[in-house]
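Here is a short walk through one protein model, from its overall layout to one helix packing. Keep the sequence and the 3D view at hand while reading.

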Amino acid sequence: MISGEFKESLLNIYHGEQFGEAFYATLLAEADDESEKVILAALLQLETEGKARVRPFIVKYGLPAYDNPDSIAGGVKTARRLVNEAWQSKFAAMVDIIKEQGLPEYEGLWEKVCPEEDPEAAELAKFVGAHERVILEVCENVVNGVPNPASPLDDFLNFPIGADSLMSNKEQK
Ligand SMILES: [Fe+2]
């Protein structure tokens, strides 16, 4: 039996993915540098895949599966505040948001499920915790100037957007 607490947290997480999609899409729209665009697109992909992974459970538990306009507006607003910040400062701000708000909620989902009773929900909880950890890793990589900062996503994503995703000018012709 899945608890009300689990469902409530899962819906917050589902809305968090919508916030994240809007957030990265807004930053992407303002980006000029080609390698920065690929990193932001990979993070956007991560949020889209996160949303897709959670959605069947949202439907299963009778929760609202449509996009929440407030979450999307929040993502756009937060990104707009960062648009004029330097590249690394943007990611420093993301690290703070993830540590303060993301991780407690996403990793906390695991505490709200009994793996013996509901192995599928436990798998999902494990996934969302790993999802938030990998975003944190990428954001910290950018802050610390690690080369190819989004490379942890290459294995995590089902449909990866890696550093080599962009065709060279010659290939595009
Ligand atoms: Fe996310």
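Which pattern does the protein chain follow when read along the sequence? In this predicted model, the pattern is α-α-α-α-α-α-α. The protein chain holds seven helices and zero strands. The radius of gyration of the protein chain is 17 Å, close to the 16 Å that the globule rule gives for 173 residues, so the chain is as compact as a globular protein of that length.

Further values describe the chain as a whole. The C-alpha trace spans about 55 × 30 × 30 Å along its principal axes. Of the 173 residues in the protein chain, 31% are buried. Among contacts in the chain with a separation of 6 or more, 70% are between residues 24 or more positions apart.

Helix α1 covers residues 4–30 and helix α3 covers residues 69–82. The two pack at an angle of about 40°, and their axes are 7 Å apart. The crossing of α1 and α3 is right-handed.

Which residues of α1 and α3 make the contact? From α1 come His15, Gln18, Phe19, Gly20, Glu21, Ala22, Phe23, Thr26 and Leu27. From α3 come Ser71, Ile72, Gly74, Gly75, Val76, Thr78, Ala79 and Arg80. The residues of this contact divide into seven nonpolar, eight polar and two charged.

Terms used:
Residues are numbered from 1 along each chain as its sequence is written. This is a predicted model: local features need pLDDT of at least 70, side-chain atom pairs count only at pLDDT 80 or more; totals for chains, interfaces and linings use all residues. Helices (H or I, at least four residues) and strands (E, at least two) are DSSP runs, numbered from the N terminus. The radius of gyration is taken over C-alpha atoms; the globule rule is 2.2 Å times the number of residues to the power 0.38. A residue is buried if 20 or more other C-beta atoms lie within 10 Å of its own, exposed if 12 or fewer, and partly exposed in between; C-beta atoms are placed from the backbone. Two residues are in contact if their C-beta atoms, placed from the backbone, lie within 7 Å. Axes are lines fitted to C-alpha atoms, for helices over the stretch in contact, and angles run from 0 to 180 degrees between N-to-C directions. A crossing is left-handed if the near helix is turned anticlockwise from the far one by less than a right angle, and right-handed if clockwise. Ala, Val, Leu, Ile, Met, Phe, Trp, Tyr, Cys and Pro count as nonpolar, Asp, Glu, Lys and Arg as charged, and the others, Gly among them, as polar.
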